[in-house]
Amino acid sequence: AAGALRNLSANAEYKRRIVLEGSLPPLCGLMKQKNQAVQEQSVACVRNLCVQAENAARLVEEGGVVPLIALLRSSSKRIQENACLALRNITGNGPHELKVVMEGGLPPLIALLG
């Protein structure tokens, strides 16, 4: 299901509707799963959705920043990359930079620079 939503979320027409239909709480839960295939699909979907400022704000409200920061420490480079891109979209769309910093996002982001 996360893979299908990932594909749908690439379409600008569906981004808002996916969020309005209640996808963010389950996606946040899926990002916390141990299965890397599930993590990859869910974080890529979140990355796509958070291109829109309203969706980014909703993800922050739903507690999605903490699982994204945790995924920065994944052993999978693709998961790390998607988590970085999702956080980029969140911090570029509204006043959410402080939330990323306060939730401990700086150390793992800086570590990925090396």
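Which side chain does Glu 40 meet in a salt bridge? Arg 78 is the partner, at 3.0 Å from N to O; a salt bridge here is a side-chain nitrogen of Lys or Arg within 4 Å of a carboxyl oxygen of Asp or Glu. Keep in mind that this is a predicted model, where local features need pLDDT of at least 70 and side-chain atom pairs count only at pLDDT 80 or more, while totals for chains, interfaces and linings use all residues. Residues are numbered from 1 along each chain as its sequence is written, and side-chain values use heavy atoms, with hydrogens and water left out.

**Salt bridges**

- Searching the whole structure turns up four salt bridges.
- Glu 40 sits in helix α4 and Arg 78 in helix α7 (residues 77-92), so their pair ties together parts 38 residues apart in sequence. Helices are DSSP runs of H or I, at least four residues long, numbered from the N terminus.
- Glu 40 is buried at 13% relative accessible area, whereas Arg 78 counts as exposed at 54%. For the record, buried means under 20% relative accessible area, exposed over 50%, and partly exposed in between, using a 1.4 Å probe and protein chains only.
- Arg 16 pairs up with Glu 54, with the closest N and O atoms 3.0 Å apart. That pair links distant parts of the chain, from Arg 16 in helix α2 to Glu 54 in helix α5, 38 residues apart. Arg 16 itself is partly exposed, at 25% relative accessible area.
- Another salt bridge joins Glu 103 and Lys 99, again at 3.0 Å from N to O. Glu 103 is partly exposed at 33%, and Lys 99 is partly exposed at 34%.

**The two sides of helix α2**

- In α2 (residues 12-20), the buried residues are Lys 15, Ile 18 and Val 19. Looking down the helix axis, they fall within an arc of 90°, so they line one face of α2; the arc is taken from the directions from the helix axis to the C-beta atoms.
- An α-helix has 3.6 residues a turn, so residues three or four places apart point the same way.
- Glu 13, Arg 17 and Leu 20 are exposed on the other side of α2.
- The cover over the buried residues of α2 includes α1 (2-9), α3 (24-31), α4 (36-49) and α5 (53-61).

**The ends of helix α2**

- Asn 11 caps the N-terminal end of α2, with a side-chain oxygen 2.8 Å from the backbone nitrogen of Glu 13.
- Following α2 comes Gly 22, which has a positive phi near 95°.

Note on methods:
Contact = heavy atoms within 4.5 Å. Polar contact = N/O pair within 3.5 Å; in protein donor to acceptor, adjacent residues only side chain to side chain.
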